[in-house]
Every structure is written in structure tokens, then in C-alpha cells.
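Please open the model in your viewer and keep the sequence panel beside it. The tour below moves from one selection to the next and says what can be found at each stop.

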Amino acid sequence: MRLIATDIDGTLIDASHRPSARNLAALTRARDEGVLVVPTSGRQPFSIAEVLRDTWLAEGLVIGANGAVATDLGTGEIMFEHSVSVEAQTELFLSLRELFPSLVCVSVRDGGDTFWPEAGYVGMMDPGDHGRGGVLQHYPLDVVLGSPSLKLVVRGRDVEPEELREAAQRLEVPGVSVSTSGAPFLEVAAAGVNKASGLETVCATLGIAPDEVVAFGDNNNDLEMIAWAGIGVAMGNALPEVRKIADVVTGTNLDDGVASVVEELAANGWSA
């Protein structure tokens, strides 16, 4: 193994919303023995840095926005960024709102740094949602949809995220892909963009083959990555569909499931 890709929420972090000491120690050993560790999340890069603060993981390469952006947190350099077109996000959102009138959206832009919520969206947020605090400005819908989005987020008061995902897939709007992550909203990326595509781009740049990658995850937005990696690992708390396609099912995020697999790989000289 030459690269470890790990989801964050429900995977790397525990009930304290921080990496456990054992998980961090296992990944540190991997790094020290030449294995690249790449946090790979639906979070934006700045939010990845926040949850991994005070660790070396907050200073390296991360893949954010479900594969739409890769950033070196140490230098701020963006390796790549893929956005949803204005036409595609507008068609999808307006079509969904015909089905679910309470829907509102937010456009995430500029490598994940800027946040453009439609009026009504902020009122649905819990404190700290999207890694955003303080007083948030809102914008008219034409402004929210009027520029490409790294990720478009859609939510409503009377509809569950999985119901939205199924409806969006039935609409078959060109130029978009949709996913859910356990959060209370639908996440929209450009067509073909997911954690696997982001990881594939990083690995191609670095000369790393898929069979040299181990990937950890727990939710729908991890499915493609787990299927793509040489060793796809589902957490013990993963959704049934994630466990079904994984090569390995490990312990839960509360039981240091990531460390269990990494420690075994290290003991085997990083061979499967």
C-alpha cells in the first residue's frame, strides 16, 4: 500500500469529533514509513483542517467536497477543482423544487471557502453546520444559482435527503451527480465527480495505482471510492450497501476501526 484515503465523519473521528489517539498513531506510523495519508471528505478543505487541527493531517493534501477539490492545506495550493455549471444546477434545483416546494439551496464556491445561501437556508441550519459560524448573509436565488458551484447543497423541511437523492436520480439532469453523507441535505457535484474520481486524479498525478490504495468509509458518498480502491474498507457502522461492496469490514469509528486495519497492514509490511 502506498496511499491511505480516509473519510472523516463516521470513519476517522470519534464521538469527540476528533481523531482518536490510536487512529492518529496508526496513521502517523504509516506516514513515517512512506505511506501517503489523504483525508477524503464531503467537508470543504477549511472544515477538514478544522476538525483535524493540531495534527499533522491538517497540514497536507486533502480531498474535499466529495472529490470536487484537492488542496494542500500546508501551502493552500489547489491541485484541482471541478464545479457544477450554472445551467445544470439551475435545472436540477428548479425541477426538485417543483416536487418539493419547501426546498432551499446554498452554493459553495472558491475551493470551498465561500458560502452563498438562499434566503431561508440559514434558518434550517444547526449551529456549526457546514463548518460555518457567526452571522451568515443570504442571497436571492438568482445570485445563488448564477455562478458555478463546487458543491450545491439542497434541503427542505418536509423531505429526507434519501428521498431527494432518489428524486434527483429519476430526473436524470445532465451535468450533475448527487449523493448523501448522513447529513440532513442533498449534495450535488458535477457529473462524474465523486470521491473515487478525486482520488483517481490525485493518484494519477503521483503515479500511484488503484491496487496500491486502501480507502475507508461509511456512507453513500464513499461507495465509489471503496469500490475503486485496491482495498475498500467499510466501517462497522457503515450503511449496509457500503459493507456489501467492501473488501473488508472493520470496527466502528468509535472502536478505532481505521487503526485496526492500518496496524495490520503495517505488521504485514504494507502488503494486503
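This is a predicted model: local features need pLDDT of at least 70, side-chain atom pairs count only at pLDDT 80 or more; totals for chains, interfaces and linings use all residues.

At its start, look for asparagine 194, a side-chain oxygen of which comes to within 2.9 Å of the backbone nitrogen of alanine 196. Next, colour the buried residues of H6, which are Lys195, Ala196, Ser197, Gly198, Leu199, Val202 and Cys203.

What covers these buried residues of H6? The cover includes strands S1 (3-6), S3 (61-64), S4 (69-72), S5 (78-81) and S11 (213-217), together with helix H7 (223-228). Several of these strands are the next stops.

Select S1 and S11 together: they pair in the parallel sense over 4 bridges, and alanine 5 stands opposite alanine 215 in S11. Widening the selection shows that both belong to an open sheet of 5 strands with parallel pairing, in the order S2-S1-S11-S12-S13. The edges of this sheet are S2 (36-39) and S13 (248-249), each of which pairs on one side only.

Move on to S3 and S4, which pair in the antiparallel sense over 4 bridges, with glycine 64 standing opposite valine 69 in S4. These two strands form a hairpin with 4 residues between them, and in its turn alanine 65 has a positive phi of about 50°. From S4, continue to S5, its antiparallel partner over 3 bridges, where threonine 71 stands opposite isoleucine 78. The hairpin of S4 and S5 has 5 residues between the strands, and glycine 76 in that hairpin takes a positive phi near 80°.

Finally, zoom out to the whole protein chain, which has 9 helices and 13 strands. Its radius of gyration is 18 Å, close to the 19 Å that the globule rule gives for 272 residues, so the chain is as compact as a globular protein of that length. Along its principal axes, the C-alpha trace spans about 55 × 35 × 35 Å.

Note on methods. Residues are numbered from 1 along each chain as its sequence is written. Side-chain values use heavy atoms; hydrogens and water are left out. Buried means under 20% relative accessible area, exposed over 50%, partly exposed in between (1.4 Å probe, protein chains only). Contact means heavy atoms within 4.5 Å. A polar contact is a pair of N or O atoms within 3.5 Å; within protein, one must be able to donate a hydrogen and the other to accept it, and residues adjacent in sequence count only if both atoms are side-chain atoms. The radius of gyration is taken over C-alpha atoms; the globule rule is 2.2 Å times the number of residues to the power 0.38. Two strands pair if DSSP finds at least two bridges between them.
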